[in-house]
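Here are my notes on this one, written for someone new to reading structures. Have a look at the picture, then go through the points below.

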Amino acid sequence: MLHSRRHATAAIATIAMLTTGEHAVAQSTSELETRLEAGATTSSHVGSIPLSAFALTPGFRYASPRMTASARASALLGLSQWQLGNSAAALEAYTPLLYGVRAEVAANASRLFHDQSVQNDQLDAEGRLHFMRQRAGIWLGSGVARPLRVAAVSNVNVSSGGVWTRVGAATLRGSVTSFFFTKIAFDDTLVDNSPAVCSTRLAAPTGASGPTGMRALVAEAAVGNACRHQSRLTDLEGTVRWEHKLGELTLRGGQRFGDRLDVNSDSRHWASAQAAVWITNQIAAVAGGGREPAQPTRGLPARSFGSVGLMLAYWPIPRGNVLVETPASLVHSFEVRAAGTALQRLTARIGGVETVEIMGDFTDWSPVPLIRRGRDAWELLVPMSPGVHQINIRIDGGQWIAPPGVPSLKDGFNGEVGVLVVNP
Amino acid sequence: MSALSLRRVAWSASLVALPVVVGAQDSVVPNRGIDPLSRLNESTRYSIELLFDSAKVAGLPTWPLESKALEGITKRADGRRIVAAVRLVFRSLREARSALGPGATNDELTAAAGALSVGITTDELARLVKSRHEKQLTYPLVVLSDLITRGVPRDTASQTIFQLWQRGASDDDFQGLWRGVERDIVSGTDPGVALLNRAREIPSRGPPTAPPASGARPERSENPNP
């Protein structure tokens, strides 16, 4: 019965952690990052002895404007033997931006490990539409998760939405993730010390349905006071990530909404923090701790955790060295051509943006918007006398940059300015 | 409302909208009605006006200084940084004038000031002037400044541009060189190596010759936006 009750707990948060938030910031350069963490970790949940272990966690992440691939796995050394701990592999692919919107698909495989008796695997996939600007974005998504060897009878339908913004060195994210799935519940299930009531009696199993290992559970439940319970729960989560050359800090907090058969009181709120302080360019001291909510579809209870250790990080592709998509490279072409006496026609091809502005000595450094002439065509006629002129361009109200295709100079204000030579 | 009235309203609306649409297609003319430096605080403005006066006394154009100040205002730089940037332009123009001599055009002065600001010396400028043969130095200097900004070692850039200039490279040659080097740098080639490789592709054209009289560039007016 205990086994059944544990498997009948509701909701999940890992999908939200894996599929929302972290991906939201648009990648501006290709980057390969490898990390190896070594240190002590401890975790505990109600009804179990706290597990303390030495953890070795290698991981990598490759990100480009079109895709992100990452994997991470923990090896735990507890009772003098190695054990596979939390592990995850994720793959995301993105379409090019079109009018600021891109489509994203994500697939994840993950394993969560609390202790020898509480562990679980899951596959999930999600599609999203993401509207992005340079410093903010909003996304909506929908997907499905397939937990293995647990009490969720059906797949888990996941709907998510969220916003993100950058404020200085910090990235703020907020997400709402809704989970809908069917699980097996019991009339005598105690939720927060009071009995829950089944609304729909469970019929005897008629065929092979549900995830692997579920048929036996359904058969066992059919002889008791069991029912199929349709669970819905919603997670509201906020994350702040702050990156500085000396360290990284991630704060996460959330609130879960749902009826009491799906959400235990110990999973209504959660909060955690992770910090890394760089000792050298490649070695950092890391520490973290907090509370994670229960993951009902995976049969995992809420737990507290803490860790401290050292991280070795290495970037085989140096950060920022491979330019893939910067504001300048969004500009597919930029041309200046004579258009009559003392007039020049500026044309640019820039797809997926809302506004393009230029300024220069010929506009007295007042920003002037270009006029959209097609899906990615922008144009403006400007009076420009023959000679040397300086020009800047900006996209969607972002930074002023030197337009590509013309020589540039430092502007004296921590930026660059393009130099045009207009022939008579 | 009758169909006739609706049509009248539509016509009136289109007549009102037409100048707006035509205006949107029209060229951009800067509005100089309001003193643009009025956005500066008093002490910053005073320092900048002193630099304007110094430029006038030295016979230098003041519009590059004014332009730099306006650029700083729009880019929301603080007053001290704007004054520093304008002062750098003034000094560079003054040094450029002494290196290029009184016969230099305003465009050449501006381009030379840019080259000085990235580390080219007055001696190197003077060396280019000696072999100019009445040809405009503007484009080679613009390319030289850009190459140094992109990471080509100063000496390599200066030496290579000087050699090409002596070999009679044209503005088109310099433009082609710049495009090639830019492409190579983006592809990951070392900037210095990229420049040397691309420079080898430019054929020798003999010593620089003066452009035909019809192509001579007029002296630039004080105000770039008359």
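1. Chain B is built from helices: 10 of them, with 0 strands. Read from the N terminus, its elements go α-α-α-α-α-α-α-α-α-α. (Helices are DSSP runs of H or I with at least four residues, strands are runs of E with at least two, and both are numbered from the N terminus.)

2. A quick word on what you're looking at: this is a predicted model, where local features need pLDDT of at least 70 and side-chain atom pairs count only at pLDDT 80 or more, while totals for chains, interfaces and linings use all residues. Residues are numbered from 1 along each chain as its sequence is written, and chains are lettered from A and ligands numbered from 1 in the order written.

3. Chain A has 3 helices and 25 strands. Of its 424 residues, 38% are buried, meaning 20 or more other C-beta atoms, placed from the backbone, lie within 10 Å of the residue's own. For chain B, 37% of 226 residues count as buried.

4. Now contacts (C-beta atoms, placed from the backbone, within 7 Å). Among those in chain B between residues at least 6 apart in sequence, 70% join residues at least 24 apart.

5. Which strands make up the open sheet in chain A? The order is β17-β18-β22-β21, paired antiparallel; a pair needs at least two DSSP bridges. β17 (331-338) and β21 (371-372) of chain A each have a single partner strand, so one side of each has no neighbour in the sheet.

6. A:R372 has A:W378 as its bridge partner in β22(A).

Conventions: Buried ≥ 20, exposed ≤ 12 C-beta atoms within 10 Å, placed from the backbone. Contact = placed C-beta atoms within 7 Å.
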